[in-house]
Amino acid sequence: MKGRYRAARSWISSLVSEAMDVLSDRERVILEGRFGLAGEDEMTLEAIGKRLGLSRERVRQLERDAKHKLQSFLLPRRRDLHASLA
């Protein structure tokens with residue numbers, strides 16, 4: 001069972017890396033900041049905007065677009081994801 005768990009975890013990690021690769025650098029920075037993915041605390045739209053020299057609204061728009069890109073990438077892989085977790 002541990003081997004199966006390790007294989008699923010490795011596959012999911014690889015999938016997340018691939019998913020993040022579909023994003024632009026700016027979109028990646030925004031999502032990492034918003035959700036604390038890079039080991040930092042979660043940031044507000046305003047804080048990210050200040051860091052990137054963008055308005056809060058523009059950061060929100062880019063976050064939305066990045067989420068749509070991730071969704072488009074991950075939805076076709078949903079069945080494989082479910083199978084790896086079962």
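Eight salt bridges occur in this predicted model. A salt bridge here is a side-chain nitrogen of Lys or Arg within 4 Å of a carboxyl oxygen of Asp or Glu. Side chains of opposite charge can pair when their charged atoms come close.

| Salt bridge | N to O distance |
|---|---|
| Arg28 and Asp25 | 2.9 Å |
| Arg34 and Glu63 | 3.2 Å |
| Asp65 and Arg64 | 3.2 Å |

Residues are numbered from 1 along each chain as its sequence is written. Local features need pLDDT of at least 70, side-chain atom pairs count only at pLDDT 80 or more, totals for chains, interfaces and linings use all residues, and side-chain values use heavy atoms, with hydrogens and water left out.

Arg28 and Asp25 both sit in helix 2, three residues apart, about one turn of the helix. Helices are DSSP runs (H or I, at least four residues), numbered from the N terminus. Asp25 is exposed, at 57% relative accessible area. The classes are buried (under 20% relative accessible area), exposed (over 50%) and partly exposed (in between), with a 1.4 Å probe and protein chains only.

Arg34 pairs with Glu63 in a salt bridge. Arg34 belongs to helix 2 and Glu63 to helix 4, so the pair ties together parts 29 residues apart in sequence. Arg34 is partly exposed at 24%, whereas Glu63 is buried at 6%.

Asp65 and Arg64 form another bridge. Asp65 is partly exposed at 29%, and Arg64 is partly exposed at 37%.

Glu27 lies in helix 2, residues 25-35. Glu27 is buried, with 6% relative accessibility. Leaving aside residues up to four places away in sequence, Glu27 touches Leu62, Asp65, Ala66 and Lys69. Contact means heavy atoms within 4.5 Å.

The second largest pocket has a volume of about 150 Å³. On a 1 Å grid over the protein atoms alone, a pocket is an open set of points where a 1.4 Å probe fits, with protein on both sides within 12 Å along at least five of seven lines; lining residues have an atom within 4 Å of a point. Grid points are joined across faces, edges and corners, and the volume is the space filled by probe spheres set on them. Helix 1 (2-21), helix 2 and helix 4 (56-74) each give two or more residues to this pocket's lining. Among the lining residues are Val16, Met20, Phe35 and Lys67.
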